[in-house]
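Try each task before you read its solution.

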Amino acid sequence: MSSVTTASAVYSRPPGVLHTILLAGSVSLFLGALLSDIAYFNTHQIQWSNFASWLNAGALLFAGLALVFALVNLVRAKPKAGRPLNYFVLLFVTWAIGLVNAFQHAKDAWAVMPTGLMLSAVVFILICITAVLALNPRSGGLK
Amino acid sequence: MNRSSALALITVSLLASACSNEANTNLVSGPDPKLPAPERGLFPSMKIAEPSAWGDQKPTVPAGFSITAIATDLKIPRQMLVLPNGDILVAEGRGGSAAKLKPKDVIAGYIKAQGNTKVKGGNRLTLLRDADGDGKYELNTVFAENLNAPYGLAFANNKLYVANQDAVVSFDYQAGQTKAAGAPVTITRLPAEINHHWTKAMTISPDGRYVYVGIGSNSNITERGMEAEVDRAMVWQIDVTTGAYKPYATGLRNPTALAMHPETGQLWSVVNERDELGPDLVPDYLTSVKEGGFYGWPYSYWGQNVDARVMPQKPEKVAAAIKPDYSLGSHVAALGLDFSKPAMGAQFANGAFVGEHGSWNRDNPVGYKVIFVPFANGRPSGPAIDFATGFRDANGKTRGRPVGVTVDPRGALIIADDLANTVWRVVPSR
């Protein structure tokens, strides 16, 4: 099929299906980690902390693969400045803090707290901003 | 095996602290160790043993003593018992069924396994006999098999008691026997769910009426939940005729070896304390075990030092915690304990031998040796003396890891080495 080139240089389309699943999936996984941390903070029931560790690990896997897509997008994008670069940097920062959070959650019992809960909250806010930037068609989506 | 040894030396440096962890044992061992503030960077400091064969090398022992390997190619020897006729029984096995609950458990389990033997545990008792008294144990035969990770051993009144990881069992024993006559009889089931710390240390009262069994905690510091700690981190007293048991002392995180002081009849234990509070916390210790005593775990360590990782906290338990008698140093992993006998020679006649398996949670390894703690009047009376060393070689490779230590009343110290799968015997030179 032939693509139509409009007069405008700005050509926006959403990320591909797999890229979208990975990015959006990491939003809910990071949310699950945050909610589990809140439950552990309130109940001292260790299983919530175990859930938080695995949900965060799953989120890192999804977000890490999305980061590969973001990098490919960045390499291909012309120009790179603006949304492609912002998206990549935001996702990278989110992932890096999530990785620190994974190590924080590797501490035993209450040693996870309160830093683990705070990191989970920060990471969740960051992934929300990142996903909105990347997935919202009205904000232009990815180039 | 070579491939795994290449992976074995894994040093994770602390993000937060680059402090040097010199093993200054004068500060950390003895009755009043210096306790630094807890510390934990993003990663725990770690140095895992890198196994290497002994070849024709041996552990180093004091002048006036000699050491020989009396059994090799065992299947993870842990604790030993010298029978009245001089035969030695060796418990061999590896237990534990702790599920991996967090991503950390998967990774840490793999890393720590590099420092251990790859041999499968024997789940058996091996009998060693030196019939002609020449120091060579020419008979090496299986006394009993199909046990479940046997560890603690005791003997009294023609009964041999074995602490499997899930039960205390007994065999009838006649002098000179080399094979159990039949299947063992179960005396009492032991707490065995998860078995994060699976070793069931055991000793027996002088009259043979009670055995004392050490039951380790089900976690480092309650990270498997408080529910998993019911009937854990304590010593049970078990009546061997009825099987009735009661908690004898509690709050002992991992009591890995028990022994009766020969003069006072007092129960003593070596206890492995909690990890991941820094290279110089928390001291493993040697302590008399007082009936009804509470020794702190999990709420506090070395008396009233609160462990903030435990939630909810219990200030009333912290206030009740007994300070142990004698620090062995943090992370040395004491797994063996026996009191000496006069036949060991004047310098080592009165005191306790302690086998130290060696550290993982420390950049600068400690332990990996057998020490002697001198006693007087039934109490530790001075600084510990190295008795068998050289388990780590000059290149930092680990050739052996001491576990059980047992004094042969005829004048020998028997040492189980669960990395080299060897039993060593140290005797005064004649």
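**Exercise 1: The contact between the chains**

The contact draws on 19 residues of chain B and 16 residues of chain A, two residues being in contact if their C-beta atoms, placed from the backbone, lie within 7 Å. A word on the source: this is a predicted model, in which local features need pLDDT of at least 70, side-chain atom pairs count only at pLDDT 80 or more, and totals for chains, interfaces and linings use all residues. Residues are numbered from 1 along each chain as its sequence is written, while chains are lettered from A and ligands numbered from 1 in the order in which they are written.

Task: sort the residues on the side of chain B that touches chain A into nonpolar, polar and charged.

Solution: Begin with the classes: Ala, Val, Leu, Ile, Met, Phe, Trp, Tyr, Cys and Pro count as nonpolar, Asp, Glu, Lys and Arg as charged, and the others, Gly among them, as polar. Sorting then gives nine nonpolar, three polar and seven charged residues.

**Exercise 2: A strand and its neighbours**

Task: find which strands pair with strand β25 (residues 369-376) of chain B, and say why β25(B) is largely enclosed.

Solution: Strands are DSSP runs of E, at least two residues long, numbered from the N terminus, and two of them pair if DSSP finds at least two bridges between them.

1. Strand β24 (residues 351-356) of chain B runs antiparallel to β25(B), joined by six bridges. Here Glu356(B) stands opposite Lys369(B).
2. Strand β27 (residues 385-388) of chain B is also antiparallel to β25(B), over three bridges, with Val370(B) opposite Ala388(B).
3. Strand β26 (residues 379-380) of chain B pairs with β25(B) in the antiparallel sense over two bridges; Ala376(B) has Arg379(B) as its bridge partner. Two residues separate β25(B) and β26(B) in a hairpin, and Asn377(B) in the turn has a positive phi of about 55°.
4. Now for burial: a residue is buried if 20 or more other C-beta atoms, placed from the backbone, lie within 10 Å of its own. Six of the eight residues of β25(B) are buried, so the rest of the structure largely encloses this strand.

How values were computed: A residue is buried if 20 or more other C-beta atoms lie within 10 Å of its own, exposed if 12 or fewer, and partly exposed in between; C-beta atoms are placed from the backbone. Helices (H or I, at least four residues) and strands (E, at least two) are DSSP runs, numbered from the N terminus.
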